[in-house]
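Student: I have a new model open on my screen and would like to learn how to read it. Could you walk me through it?

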Amino acid sequence: MMYKRVLTIQDVSCVGQCSLTVALPIVSACGCECAVLPSAVLSTHTGGFQGWTFRDLTEDMPAIRDHWIKENIKFDAFYTGYLGSTKQVDYVRSILSTTGVEGALKVVDPAMADNGKLYPGFDMAFVESMKNLCGEADYLLPNITEACFLTGMEYRETYDEAYVVSLCEKLTAQGAKSIVLTGVGYRPGMTGVVVYKAGKIEYYEHKKISTGCHGTGDVYASAFVGALMKGKTAFESAKIAADYTVKCIENTIDDKNHWYGVKFETALPNLMKMLE
Ligand code: PXL
């Protein structure tokens with residue numbers, strides 16, 4: 001029986017159904033041990049709430065890393081998400097290079113932007129440091145906005161396959177081995193995910209239920225990691241994560257008070273079925 005230990009590094013948004021409060025339950029439900037390293041603690045996420053608190057945990061990271069090294073604690077895979085500072089990105093790279101088993105998998109979600117804009121608090125210096133982490137990824141999971149910031153390509157609302165291939169080629173040239181590009185839609189009412197590796201492109205198209213549901217990038221990345229750890233291929237994992245994310249949005253869309261995240265918990269049985 002395969003039993004993997006994954007370390008996920010991202011913030012704790014105490015309220016808001018994103019980052020660690022999504023990754024830990026989803027990755028665990030997929031049957032992995034999920035260790036966590038919180039990058040920061042916020043009272044809420046920054047996507048719609050006002051006046052959130054932010055406790056940066058950057059300076060705790062080297063001591064945590066050193067303790068793990070001393071205890072010979074090793075991880076089979078890493079999954080990084082929202083990070084709080086450029087210095088933190090450097091510490092994360094050091095953790096990835098010192099605490100993995102031989103050939104440990106690195107999944108990087110450069111959670112920093114959406115809809116053509118950086119999230120509050122991020123700047124181009126952060127983008128530059130995130131580029132270094134992304135260059136070390138086995139699987140890099142950007143949305144189109146993040147791919148544009150990382151490559152310097154122009155952000156477009158409408159595009160063709162040549163544009164998407166060009167984004168993937170540039171990201172690969174910067175070092176990432178496989179690209180899982182989310183939110184790729186060529187027709188009205190539809191969206192999808194592209195999996196790109198060594199010049200080979202695969203595309204899974206599915207319906208677009210709504211634009212800009214908060215936290216869906218984290219739900220998607222967590223389910224992708226869980227499926228990958230279960231032994232699914234990258235494309236199977238990308239499809240499962242997409243179908244699960246759609247189900248989470250469907251569970252939530254009628255509840256107008258639930259604007260800050262998606263009800264991923266009640267869709268976990270669907271994810272389990274997809275993984276059988
Ligand atoms: O879902 C990405 C995310 C994670 N963490 C925090 C955020 C966001 C997106 O806005 O604000 C704190």
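Student: Let me start with a helix. Which residues of helix α2 (residues 61–70) are buried?

Tutor: Good place to begin, and keep in mind that this is a predicted model. The buried residues in α2 are Met-61, Pro-62, Arg-65 and Trp-68.

Student: How do I read a pattern like that?

Tutor: Here is the general idea: an α-helix has 3.6 residues a turn, so residues three or four places apart point the same way.

Student: Which exposed residues does the face of α2 turned away from its buried side carry?

Tutor: That face carries the exposed residues Ala-63 and Lys-70.

Student: And what covers the buried residues of α2?

Tutor: The cover includes strands β1 (5–15), β2 (33–44) and β4 (75–80), along with helix α3 (86–98). While you are there, look at Asn-72, which follows α2 and has a positive phi, near 55°.

Student: Let me try another helix. Which residues of α9 (residues 268–275) are buried?

Tutor: They are Leu-268, Leu-271 and Leu-275. Seen down the axis of α9, these buried residues fall within an arc of 55°, so they line one face of the helix. Among the elements covering them are α1 (20–29), α7 (216–229) and α8 (234–252).

Student: Now the charged side chains. How many salt bridges does a search of the whole structure find?

Tutor: It finds 12. Take Lys-263 and Asp-255, whose side chains meet in a salt bridge at 2.8 Å, N to O. Lys-263 is partly exposed, with a relative accessible area of 24%, and Asp-255 is partly exposed too, at 26%.

Student: How far apart are the closest N and O atoms in the salt bridge of Lys-200 with Glu-202?

Tutor: They are 3.9 Å apart, and the cut-off for a salt bridge is 4 Å. Lys-200 counts as exposed because its relative accessibility is 53%, while Glu-202 at 25% counts as partly exposed.

Student: Which residues are linked in a network of salt bridges?

Tutor: Asp-90, Arg-93 and Glu-136 are linked in that way.

Student: Last topic, the ligand. Which residues are around the ligand?

Tutor: The residues around the ligand are Asp-11, Ser-13, Cys-18, Ser-19, Leu-42, His-45, Thr-46, Tyr-82, Tyr-119, His-214 and Asp-218. The side chain of Asp-11 has an N or O atom 2.8 Å from a nitrogen atom of the ligand. In the side chain of Thr-46, an N or O atom is 2.7 Å from a ligand oxygen. Asp-218 also has a polar side-chain atom 2.7 Å from an oxygen atom of the ligand.

Student: How much of the ligand's accessible area does the protein cover?

Tutor: On its own the ligand has 310 Å² of accessible area, and the protein covers 97% of that.

Definitions and conventions: Residues are numbered from 1 along each chain as its sequence is written. This is a predicted model: local features need pLDDT of at least 70, side-chain atom pairs count only at pLDDT 80 or more; totals for chains, interfaces and linings use all residues. Side-chain values use heavy atoms; hydrogens and water are left out. Buried means under 20% relative accessible area, exposed over 50%, partly exposed in between (1.4 Å probe, protein chains only). Helices (H or I, at least four residues) and strands (E, at least two) are DSSP runs, numbered from the N terminus. The arc is that of the directions from the helix axis to the C-beta atoms. Contact means heavy atoms within 4.5 Å. A residue is near a molecule or strand if one of its heavy atoms lies within 4 Å of it. A polar contact is a pair of N or O atoms within 3.5 Å; within protein, one must be able to donate a hydrogen and the other to accept it, and residues adjacent in sequence count only if both atoms are side-chain atoms. Accessible areas come from the Shrake-Rupley method with a 1.4 Å probe; for residues, only the protein chains shown count as cover.
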